[in-house]
Amino acid sequence: MAEFSIDRFVELYAERAAGMSASEVRALFAVASRPEIVSFAGGMPYVQALPPEDVLAVVADALDVHGSTILQYAGGQGHLSLRERLIPLMTDEGVEADPDEMVITTGAQQALDLIGKIFIDPGDLIAVEAPAYVGALTAFGVYQPRYLQIDLDADGMIVDQLEEALVRGERPKFVYTVPNFGNPAGVTMSLARRRQLVALCREAGIPIIEDNPYGLLRFEDDALPCLRSMDPENVIYLGTVSKVFSPGVRVGWALAEQSVVQHLVLAKEAADLCGSSFTMLVTERYFAGDRWRENLSTFVDLYRLRRDAMLEALPEHFPDDATWTQPAGGFYVWVTLPGWVDAQAMLAAAVERRVAYVPGTAFYPDGRGRNQMRLAFCYPTEERIREGIARLGSLLEDEEQLYRSLHP
Amino acid sequence: MRVAVIAGGRTPERDVSLRSGHRVSHALGEGGHDAWLVDPGEVPLVEALRERAPDICYLTLHGKEGEDGTVQRLLDLLQIPYTGTAPFDCEVAFDKVLAKDALVRAGVTTPGWVVVEGWALRDLGAGAALAMVTERVGLPCVVKPSRSGSALGVSFVERAPDLATAVMAALSFAGAAIVEAKVEGSELAVGLVGTPPEALPLVEIVPKSGVFDYASRYTAGATEYFAPARVPAEIAAACTEQALQAAEGLHLRDVARVDTIVDPGGTPWVLEVNVSPGMTETSLLPMAAQAAGWSLAELCERVLRSSGSP
């Protein structure tokens, strides 16, 4: 008799790896990436809008200006020339940054992992928005925290809920938020809420992690001040070039107080020694001229049209009792469907009808969000967006009929 | 032989199928065949088979189109031989609405069930009879899409009010749902190879979560397997007998897998049959073959040889 162990190391894995498992939703996404499917699932920037000659030019320029340095190791903090070059991406949103207070990471995603690494012990409480960016939940999740979930409304995080939790005696290690055009909800924290959150966290001595990947993708209105600009000492700011240049270069950064930066640099060196000199210095060259601003405005115009197409199509095709957010920028519309809908169960039928989305449950650590879905408008063209929303609408109509027939 | 291994496709089981296909194609190469992979999700199948004409197609497509007779009918038209069961028999085996009746007609013991059709709900007011479903099959019960694989869309229902939700979830994958009595016991998979099929040693499945669902199937380490199964010889024999009877009744050939469960009283129940069993590193049939002392290459070789026989 033989026991078949598919994985001979199964008894050796750490407890933190236990949460990593295959899932039906992943299996469906494997199909959703096919071209015939209108995918509202992935938040992929429309990088095709970048002229290839611009990209070639910056790569050549990087070799020209930086020479063999681009093939060498870098310091753990990342190239100073790049850190200096990224500062204007923050000053546009009111953040004053010192290159010494920055550490370059492999996308802002690595910064989330490093923050988890330096702050979270198993069982620690951390505060997150509900719904929250799924990549942050998976990055932090490895360090086995408990979650304090703070609901969102049209003005962003409902800070009163955090305050009530603090009054109850809860003490989260940090508060994580995406205040501008958040992922997945697409909502923006109002100025009043920003002030309230910053004051509350300052008084309680709880650091805020401000993740701002979408801030420059603003379609209308004036920018609100970043949390970091309101309290530089207590806010760790995360930035990325993924949405304004390319996610392929994997360049993000954290901006924080010196002591935090030191911890992050040590953690970064322990993880991967340093980022890629090649992509760091190509990125440095990309932001050297003014061309990036022109390209950014092309991106913004393109995404605005796509947002408009989605917001126009939704009321035409979705049930009357569905609601959705009105993003003023970014990539996402967050839809709340009638309570009887199970968006996760419905995904297979959606893929069968050649349209895909991310079920809401992915964005809560506790299984909530069954009747919610995230729709990314960044990638499909306007025509495809209208087609995809129509397909989803007709599916929802059929599902409602089915639901009624099961509950006569 | 020149063998086109057909894998991938456009179903949710695409990734699983590709993993199966890569392993089979590699194993056939080891066995001295000229084997290559064709993914109908990436290239038009007919053109690809005309461009590089194979002697035979080894089918490792999973799910609809691969297991319901569609690709088999196309290959019949193209006059290219292929491994596995004939189109009509595939259609019966893959569609649980048909397969359950076919099993009963073949004298096979299978858990009691009720079919809930999407159109009967929409057009005939079948929802009003839903309470009778749980009365008929009892609780707990298992709700499955009529046509799907890898346990996709399957849920377990403990309480009658949860049935409607489970039926809706299953109907997301197929036009009908099967509501089946849940049999508790040891899960045993019977691998079948050859024509007429011969049974391989049984594989016992012990999912750590208690449920052999999608995550338990495809997460390495989430399930323990024992081959041969840790059951008395007479129970193994009874179980094998049921599987062979199912194979005969459903006219399965070349390669198949029959999933069974043995209740505490020792009665084997046939849950379902698979005409395109998984060949991934976490799949049951290769494990059964290994328990029989066969390499993956030998398993594939036997399947190929069987498909040449009448």
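This is a predicted model: local features need pLDDT of at least 70, side-chain atom pairs count only at pLDDT 80 or more; totals for chains, interfaces and linings use all residues.
Helices (H or I, at least four residues) and strands (E, at least two) are DSSP runs, numbered from the N terminus.

Residues are numbered from 1 along each chain as its sequence is written, and chains are lettered from A and ligands numbered from 1 in the order in which they are written.

Which residues make the crossing? From helix 1 of chain B come Arg23(B), Val24(B), Ala27(B), Leu28(B) and Glu30(B), which meet Leu296(B), Ala297(B) and Cys300(B) of helix 12 of chain B. Contact means that the C-beta atoms of two residues, placed from the backbone, lie within 7 Å. The residues of this contact divide into 6 nonpolar, no polar and 2 charged, where Ala, Val, Leu, Ile, Met, Phe, Trp, Tyr, Cys and Pro count as nonpolar, Asp, Glu, Lys and Arg as charged, and the others, Gly among them, as polar.

Helix 1 of chain B is mostly covered, with 13 of its 17 residues buried. A residue is buried if 20 or more other C-beta atoms lie within 10 Å of its own, exposed if 12 or fewer, and partly exposed in between, with C-beta atoms placed from the backbone. After helix 1 of chain B comes Gly32(B), whose phi is positive, near 90°.

Still in chain B, strand 1 (residues 2-6) and strand 3 run parallel and are joined by 4 bridges; two strands pair if DSSP finds at least two bridges between them. Within this pair, Ala4(B) stands opposite Cys57(B) in strand 3 of chain B. In a regular strand the side chains alternate between the two faces of the sheet. In strand 3 (residues 56-59) of chain B, Ile56(B) and Tyr58(B) point one way, Cys57(B) and Leu59(B) the other way, and all are buried.

Moving across to the other chain, 28 residues of chain A are in contact with 41 residues of chain B. The elements giving two or more residues to the chain A side are strand 1 (2-4), helix 1 (24-32), helix 12 (343-352) and helix 13 (382-406) of chain A. That side has 18 nonpolar, 5 polar and 5 charged residues.

Chain A also holds an open sheet of 8 strands in the order 3-10-9-8-7-4-5-6, with mixed pairing. Strand 3 (102-106) and strand 6 (156-157) of chain A stand at its edges, each with a single partner strand, so one side of each is left without a neighbour in the sheet. Strand 5 (residues 146-153) of chain A pairs with strand 6 of chain A in the antiparallel sense over 2 bridges, and Asp153(A) stands opposite Gly156(A) in strand 6 of chain A.
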